[in-house]
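Subject: Structure for your review

Dear colleague,

Please find below the structure that I am handing over to you.

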Amino acid sequence: FPIAPGILALPLYLISVAAGAAVNEQFLHHLSKISGAVLTAFSALALRQALAGRCSKSWGLALSFLYGLGSWAFSVSSQALWQHSTAQLGVALGLWGLSREGRRFDALAGFGFALALASRPDNVFFLLAAAVYGLFWARSKLPGMAAGAALPLGLLAWYWVAYTGRLLPPESEFQARIFGDFQWQAFAGLIASPTRGLLWFFPAAVFGVFAVWRSRDARVKVMATACAALWGMLCFYEA
């Protein structure tokens, strides 16, 4: 029960209602789709900013289009107001913040990764990766990152306590029941399934793996580790 998607999409709903739109099932259905598409588009813009300075403008633009139109961002995240769009926006904002120097960018990094966590609890790996990077490679960034993360994490903690009376996600008990042993068939499916498998659906990821192997940038390494940890966690879900 994440709160981030509803909060970020609220302006679109308020504008529509203020313009006189009739609030009915069809209105909510279509506005959910519009909200998901808008938030996903913003994540592509944030990714473009994160890539600026790390590659040429043409490559940055090409990679942003590849992400926005050639990945699950288009086929899944943009289709409705689910957790995906705000989670991806948060990660993209976090990467943007990590890619630049300055207190405001440190705060942006903390805000982005905390927003990703507030959107989907399993995105905690990205927030932890950012914290590890700050602790071991860029301690001067930690105060700004902590300040930026305070608002999303504070709202998330308030929501948990208000909803459950505990500092735990409302879905924590359900989540605890669906974890089992590591499933190799799930791992293989995530890689090679003909429907949503990584290699079939987004083969460009192979170049990303190669780039991580070649990179000496600690930010690349810690974020790749976060991706691997999230991937591995999914393989413990029982069907």
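In this predicted model, the axes of helix α1 (residues 4–18) and helix α2 (residues 25–51) come within 10 Å and cross at roughly 135°. Axes are lines fitted to C-alpha atoms, for helices over the stretch in contact, and angles run from 0 to 180 degrees between N-to-C directions. Helices are DSSP runs (H or I, at least four residues), numbered from the N terminus. The angle makes α1 oblique to α2; angles under 35 degrees count as roughly parallel, over 145 as roughly antiparallel, 65 to 115 as roughly perpendicular and the rest as oblique.

On the α1 side, L8, A9, L12, Y13 and S16 make contact (heavy atoms within 4.5 Å) with F27, L28, L31, S32, S35, V38 and L39 of α2. The residues of this contact comprise nine nonpolar, three polar and no charged. Here Ala, Val, Leu, Ile, Met, Phe, Trp, Tyr, Cys and Pro count as nonpolar, Asp, Glu, Lys and Arg as charged, and the others, Gly among them, as polar.

For the second pair, the axes of α7 (residues 124–136) and α8 (residues 142–164) come within 10 Å and cross at roughly 160°. This makes α7 roughly antiparallel to α8, and their crossing is left-handed. L127, A130, A131, G134 and L135 in α7 meet L142, M145 and L153 in α8.

Residues are numbered from 1 along each chain as its sequence is written, and side-chain values use heavy atoms, with hydrogens and water left out. Because the model is predicted, local features need pLDDT of at least 70 and side-chain atom pairs count only at pLDDT 80 or more, whereas totals for chains, interfaces and linings use all residues.

Yours sincerely

Key:
Helices (H or I, at least four residues) and strands (E, at least two) are DSSP runs, numbered from the N terminus. A crossing is left-handed if the near helix is turned anticlockwise from the far one by less than a right angle, and right-handed if clockwise.
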